[in-house]
Amino acid sequence: MKCRHAKKLISWYVDDELSPDEKKDFDFHIQECATCREELEETQALLRIFASAERFSAPFGFTTRVLGNLGEKEESPLRGLLAVKPFFLRSAQVAFALVVITIGIISGNLLLAERTDTIGQAAVVQEVFSLDLFQATPPDSIGGIYSTLMRPSHES
């Protein structure tokens with residue numbers, strides 16, 4: 001048995017809730033491991049302190065008042081409002097993101113429409129696929145063949 005597992009079983013051992021096999025393994029580990037034995041002794045000492053402590057009785061109706069107050073706090077209207085607030089904030093964030101995306105799409109389409117009207121659809125396609133931005137390409141390279149194919153023909 002490893003110390004980590006034994007330390008989890010200390011409380012069960014003190015409360016006598018271990019099965020006979022677990023208790024046997026635990027006893028064997030406690031005999032071998034000084035660290036776990038010290039922790040068991042500390043837990044047993046703490047149990048003895050609580051057992052010897054003076055007991056006080058609660059005033060009449062104390063339990064009823066505490067449970068009643070818990071029920072009132074759970075049914076508080078503020079509690080429901082606080083649960084709605086995060087949902088409202090998330091909804092507002094999503095709505096804002098959708099508005100920004102929609103404005104971007106509309107403005108992009110308007111800009112493209114203005115540009116397409118002024119220079120024509122074929123010119124836009126040629127400009128988009130043009131390799132003029134790159135280094136000059138030899139005519140027998142793939143880039144040269146591509147630029148030759150994409151060059152508008154003057155056949156009418």
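## Terms and basis of the model

A residue is called buried when its relative accessible area is under 20%, exposed when it is over 50%, and partly exposed in between, using a 1.4 Å probe and protein chains only. Helices (H or I, at least four residues) and strands (E, at least two) are DSSP runs, numbered from the N terminus.

The model is predicted, and local features need pLDDT of at least 70 while side-chain atom pairs count only at pLDDT 80 or more, although totals for chains, interfaces and linings use all residues. Residues are numbered from 1 along each chain as its sequence is written, and side-chain values use heavy atoms, with hydrogens and water left out.

## The chain as a whole

The chain contains seven helices and zero strands, and its pattern along the sequence reads α-α-α-α-α-α-α. Of the 156 residues in the chain, 9% are buried. Contact here means heavy atoms within 4.5 Å, and among contacts with a separation of 6 or more, 41% are made by residues 24 or more positions apart.

Helix α1 covers residues 3–14, which is 12 residues, and spans 16 Å from its first C-alpha to its last, close to the expected 16 Å; the expected span is 1.5 Å times one less than the number of residues. Its buried residues are A6, L9, I10 and V14. Viewed down the axis of α1, these buried residues fall within an arc of 145°, and so they line one face of the helix, the arc being that of the directions from the helix axis to the C-beta atoms. An α-helix has 3.6 residues a turn, so residues three or four places apart point the same way.

R4 and K8 are exposed on the other side of α1. The cover over the buried residues of α1 includes α2 (20–32) and α3 (34–52).

## D16 after the helix

D16 follows α1 and is placed in the loop between α1 and α2. Its phi is near 60°, a positive value in a residue other than glycine. Most residues other than glycine have a negative phi. D16 counts as exposed because its relative accessibility is 55%.

## The aromatic pair

One aromatic pair is found in a search of the whole structure, where rings of Phe, Tyr and Trp (its six-membered ring) pair if their centres lie within 6.5 Å, and planes under 30 degrees apart count as stacked, over 60 as edge-to-face and the rest as tilted. The ring centres of Y13 and F26 are 4.5 Å apart and their planes stand at 35°, so the pair is tilted. This pair links distant parts of the chain, with Y13 in helix α1 and F26 in helix α2, 13 residues apart.

The two partners can also be described by their accessibility. Y13 has 21% relative accessibility and therefore counts as partly exposed, whereas F26, at 0%, counts as buried.

## Where α2 meets α3

The axes of α2 and α3 come within 6 Å and cross at roughly 110°; axes are lines fitted to C-alpha atoms, for helices over the stretch in contact, and angles run from 0 to 180 degrees between N-to-C directions. The two helices are therefore roughly perpendicular to each other, given that angles under 35 degrees count as roughly parallel, over 145 as roughly antiparallel, 65 to 115 as roughly perpendicular and the rest as oblique. On the α2 side F26, H29, I30, Q31 and E32 meet A34, C36, R37 and L40 of α3.

## H29 and A6

H29, found in helix α2, is buried, with a relative accessible area of 8%. Leaving aside residues up to four places away in sequence, H29 touches M1, K2, C3, A6 and C36.

A6 lies in helix α1 and counts as buried at 0% relative accessibility. With residues up to four places away in sequence again not counted, A6 touches M1, F26, H29 and C36. A6 and C36 are 30 residues apart in sequence, and their C-alpha atoms are 7.2 Å apart in space.
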